[in-house]
Amino acid sequence: MTAPNMRRRVDAAVRAADHLTPEHAATIQVARALADAIDDAYKDDDGGATYRKYLGWISPNLTGALKALGLTVDPATPKAKSLPTGRLAQLRAERDRQWPA
């Protein structure tokens with residue numbers, strides 16, 4: 001199993017985010033501490049059962065911190081569907097203009 005290197009990933013996400021301000025500093029520190037805990041658990045257990053247990057405990061908290069920073073996508077939020085294009089879409093739009101529901 002490859003080392004997770006979560007701290008490096010959290011730091012990269014924070015660097016790439018242009019919307020973060022000094023007010024986010026505490027949440028960034030929490031995310032970094034949680035990422036360090038995951039990395040340390042891996043180093044101590046080499047990806048074994050203890051690491052997986054820590055990962056199960058810490059991951060939801062890390063995800064919560066990243067969500068608070070706006071650095072994750074909520075999988076429960078449905079993605080916007082793209083609007084249909086082409087001749088059929090044009091015909092349907094024309095129909096809807098002529099015959100509103």
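Helix α2 has 21 residues and reaches 30 Å from its first C-alpha to its last, close to the 30 Å expected at 1.5 Å a residue. Seen down the axis of α2, the buried residues fall within an arc of 155°, so they line one face of the helix. The model is predicted.

**Confidence**

- The average pLDDT of the chain is 87.
- A score of at least 70 is reached by 88% of the residues.
- Among the elements, helix α1 (residues 6–16) has the highest mean pLDDT, at 94.
- Helix α4 (residues 87–98) has the lowest, at 87.
- Where pLDDT is low, the predicted coordinates should not be read in detail.

**Overall layout**

- Along the sequence the pattern reads α-α-α-α.
- The chain has 101 residues, and 23% of them count as buried.
- Among contacts with a separation of 6 or more, 69% join residues 24 or more positions apart.
- The chain exposes about 7,700 Å². Carbon and sulfur atoms supply 56% of that area.

**Nonpolar core**

- The largest nonpolar core has 17 residues.
- Val 10, Leu 20, Ala 31 and Leu 62 have the most contacts inside this core.
- Three helices each supply at least two residues of the core: α1, α2 (25–45) and α3 (49–68).
- Leaving aside neighbours within four places in sequence, Leu 62 is in contact with Met 6, Val 10, Ala 31, Leu 34, Ala 35 and Ile 38.

**Helix α2**

- The buried residues of α2 are Ile 28, Ala 31, Leu 34, Ala 35, Ile 38, Asp 39, Ala 41 and Tyr 42.
- They line one face of α2, because they fall within an arc of 155° seen down the helix axis.
- The cover over these buried residues includes α1 and α3.
- The face of α2 turned away from the buried side carries exposed residues: Ala 26, Lys 43 and Asp 44.
- Asp 46 follows α2 and has a positive phi, near 55°.

**Leu 34**

- Leu 34 is found in helix α2.
- Its relative accessible area is 17%, so Leu 34 is buried. The cut-off for buried is under 20%.
- Leaving aside neighbours within four places in sequence, Leu 34 is in contact with Ile 58, Asn 61 and Leu 62.
- Leu 34 and Ala 65 are 31 residues apart in sequence. In space, they are 9.1 Å apart, C-alpha to C-alpha.

**Helix α1**

- Val 10, Asp 11 and Val 14 are buried in α1.
- Down the axis of α1, its buried residues fall within an arc of 100°, so they line one face of the helix.
- What covers the buried residues of α1 includes α2 and α3.
- Arg 15 and Ala 16 are exposed, on the face of α1 turned away from its buried side.

**Asn 5**

- Asn 5 lies in the segment before α1.
- Asn 5 is not a glycine, yet its phi is positive, at about 50°.
- Most residues other than glycine have a negative phi.
- Asn 5 counts as partly exposed, because its relative accessibility is 32%. That class runs between the cut-offs of 20% and 50%.

Conventions. Residues numbered from 1 in each chain as written. Predicted model: local features only at pLDDT ≥ 70, side-chain atom pairs only at ≥ 80, totals over all residues. Heavy atoms only, no water. pLDDT = per-residue confidence, 0-100. Helix = DSSP H or I, 4+ residues; strand = E, 2+ residues; numbered from the N terminus. Buried < 20%, exposed > 50% of the residue type's maximum accessible area, 1.4 Å probe, protein only. Contact = heavy atoms within 4.5 Å. Areas by Shrake-Rupley, 256 points an atom, 1.4 Å probe, with all protein chains shown as cover. Core = buried A, V, L, I, M, F, W, Y, C linked by side-chain atoms within 4.5 Å. Expected span 1.5 Å × (residues − 1). Arc of directions from axis to C-beta.
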